[in-house]
Amino acid sequence: MTETSQLSTRTGLSLSVRPAAEGDEGVLGSFFVASALPACDAGLDTGEIAVSIRSDYKGKGVGWALLDFLAGEAQERGVRRVISIESRDNHAAIELEREKGFTPEPFEDDRTLVLLSKTLR
């Protein structure tokens, strides 16, 4: 993704999504409402999705829209599955990801975390 995409949340909030750029650091607190980071292995087997929402935008569908967007981007690139790692205490994120088709499983070697995965191909 190199250009800006427009997303609408389930609550009707309109978002412009684009890659980070040089100079963004100065406006992070006032301009950005969320950050989303996809990462993938070289073989396109597994991609990890990390989303962080500014506290005053939680519950407005931002995570829902970004999760859809990132999973769609991964699928377009041929990624087999996407994963997310959450604290077991982050019930809102875990429930959101389950609603979006992610399956929870124990995180190896750390009982405080849960691994959620979704097969794309």
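1. A residue is called buried when its relative accessible area is under 20%, exposed when that area is over 50%, and partly exposed in between (1.4 Å probe, protein chains only). By this rule, 31% of the 121 residues of the protein chain are buried.

2. The model is predicted: local features need pLDDT of at least 70, side-chain atom pairs count only at pLDDT 80 or more, and totals for chains, interfaces and linings use all residues. Residues are numbered from 1 along each chain as its sequence is written, and side-chain values use heavy atoms, with hydrogens and water left out.

3. The protein chain has three helices and seven strands; these are DSSP runs, numbered from the N terminus (helices: H or I, at least four residues; strands: E, at least two). Along the sequence their pattern is β-β-α-β-β-α-β-α-β-β.

4. Helix α3 spans residues 91-99, and its buried residues are Ala-93, Ile-94, Leu-96 and Glu-97. These lie on the same side of α3 because they cover an arc of only 160° around the axis, judged by the directions from the helix axis to the C-beta atoms. His-91 and Ala-92, on the other side of α3, are exposed.

5. The cover over the buried residues of α3 includes α2 (62-76), β5 (81-87) and β7 (113-119). Just after α3, Gly-101 has a positive phi of about 95°.

6. Contact means heavy atoms within 4.5 Å. Among contacts in the protein chain between residues at least 6 apart in sequence, 53% join residues at least 24 apart.

7. The C-alpha atoms of the protein chain fill a box of roughly 40 × 30 × 25 Å, taken along the principal axes.
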